[in-house]
Structure formats: C-alpha cells, structure tokens
Amino acid sequence: MTTSPIDRMIAPVNRAGDTVLPLLARFVFAAVLLMYFWNSGLTKLGDGLLGFLSPSSGAYVQIFPKAMEAVGYDTSQLTLFHWAVVVGGTVAEFVLPLLIIVGLLTRLAAFGMIGFIVVQSLTDLFGHGGIAHDGTLGAWFDRMPDALILDQRAFWVLALLILVFKGAGALSIDRLLFKNAP
C-alpha cells in the first residue's frame, strides 16, 4: 500500500504526538490540578500520622452533606460505609494524582480520577443544595466558558482521557516498567 506525500510528511508528527501529548497532559494535570486535589485531601485529614483513617468532620460534610445534616453533624452516627467512602476518597485525592504525575499505572490512575471527578461533580450538584447553583453547572455551547462543573471539568476529563487512551508517554515509570508502553 502506497502512502501519499502528505501521509509521509505528517507521520513524524503523529509519532511525536503519541509520546509528547501524554507527557503534556501529565504536566498540565500537575500544573493545574495537583494542588487542587491535594489541598482538598488535606482538609479531610484527621489528627496525627494516620489522620486519613480518622477523617475530619469536614470530610464527611464535603462528601456526604445531606447525611451529615440528617445526623446533626455527629460523625459517630454514620455507618462503616460512610467511613470507607470518605477514607477511600481522601486517599484517592493523594494517590491518584501522584501516580499520574510520575507516570505509574497511568491509565488506571487517570480512569480512577475520571470516576472521582464524576462523583465529585454529582456531589457538588446534588449533595450541596441542589442543581441551581447560580451558574455553577453552566451549559455547553453557550458563550460563557467558565462554569465550574460542565466547562472546567470537561477539560479535566479530556486531559485524563488522553492518558487513558495514550498511556503515560515519555519520561514515565510505565515506560521503564513496561517497555512497549506508549
């Protein structure tokens, strides 16, 4: 099968894109979202070295706002399920971004972050007082590109989807461990 001159000319760009695009997606994730998620995780930690195992009451309020209101903000009235979700979410806010940045199990970590963002968005919309948040939800195909949910998080997910589909790219632990990884 013969290739056209345009195909031959663009082939190096395509090959470079497979390596550079994931690296840039990881860089942008680190530059834009790393501290956002880590600071959010820090607000959920309880006291001491194992503070993630005894999350702050604020962690429960952030993740289960209606359940906390229902029990008068007394975390002792919540179930093991609530504790496990809060601990899992807190750990995820530290571990998944770190895995993405160093490029270790990147596809899985990016997929996990997408799930985290979906749950975070649903909690923001429905758990914290309903969906009518003065422009927080936003709308696609409008002239306003700064809605916190639909607009911003669509870009977050797009960057993560690059990692899901392309892998970690250059300068990653995945590349070192799995020689054939993109």
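Here are some questions and answers about this predicted model.

Q: How many helices and how many strands make up the secondary structure of the protein?
A: Let's start with the overall layout. From the N terminus on, the elements run α-α-α-α-α-α-α-α. The count is therefore eight helices and zero strands, where a helix is a DSSP run of at least four residues.

Q: What radius of gyration does the protein have, beside that of a compact globule of 182 residues?
A: The C-alpha trace spans about 70 × 45 × 25 Å along its principal axes. A compact globule of 182 residues would come out near 16 Å, but the radius of gyration of the protein is 20 Å.

Q: Among contacts between residues at least 6 apart in sequence, what percentage join residues at least 24 apart?
A: Of the 182 residues, 36% count as buried. As for the contacts between residues at least 6 apart, the share that joins residues at least 24 apart is 61%.

Q: Which residue forms a salt bridge with Asp18?
A: A search of the whole structure finds three salt bridges. In the one with Asp18, the closest N and O atoms are 2.5 Å apart. Asp18 lies in helix α1 and its partner in helix α7, so the pair ties together parts that are 148 residues apart in sequence. The partner, partly exposed with a relative accessible area of 30%, is Lys166.

Q: Are Glu93 and Lys44 buried or exposed?
A: These two side chains form a salt bridge, with the closest N and O atoms 3.0 Å apart. Glu93 lies in helix α5 and Lys44 in the loop between α2 (34-42) and α3 (57-63), so parts that are 49 residues apart are tied together. Relative accessibility is 2% for Glu93 and 4% for Lys44. Because the cut-off is under 20%, Glu93 and Lys44 count as buried.

Q: In the salt bridge of Asp124 and Arg153, what is the N to O distance?
A: Asp124 sits in helix α6 and Arg153 in helix α7, 29 residues apart. Asp124 counts as partly exposed at 23% relative accessibility, whereas Arg153 is buried at 8%. Their side chains meet at an N to O distance of 2.8 Å.

Q: With which side chain does the side chain of Asp174 make a polar contact?
A: Asp174 is placed in helix α8 (residues 173-177). Asp174 is buried yet has no salt bridge, and the nearest side chain of opposite charge, Arg107, is 6.5 Å away. At 2.8 Å, the polar contact of its side chain is with the side chain of Thr106.

Terms used: Residues numbered from 1 in each chain as written. Predicted model: local features only at pLDDT ≥ 70, side-chain atom pairs only at ≥ 80, totals over all residues. Heavy atoms only, no water. Helix = DSSP H or I, 4+ residues; strand = E, 2+ residues; numbered from the N terminus. Buried < 20%, exposed > 50% of the residue type's maximum accessible area, 1.4 Å probe, protein only. Lys, Arg positive; Asp, Glu negative; His and termini not counted. Salt bridge = Lys/Arg side-chain N within 4 Å of Asp/Glu carboxyl O. Polar contact = N/O pair within 3.5 Å; in protein donor to acceptor, adjacent residues only side chain to side chain. Rg over C-alpha atoms; globule rule 2.2 N^0.38 Å. Contact = heavy atoms within 4.5 Å.
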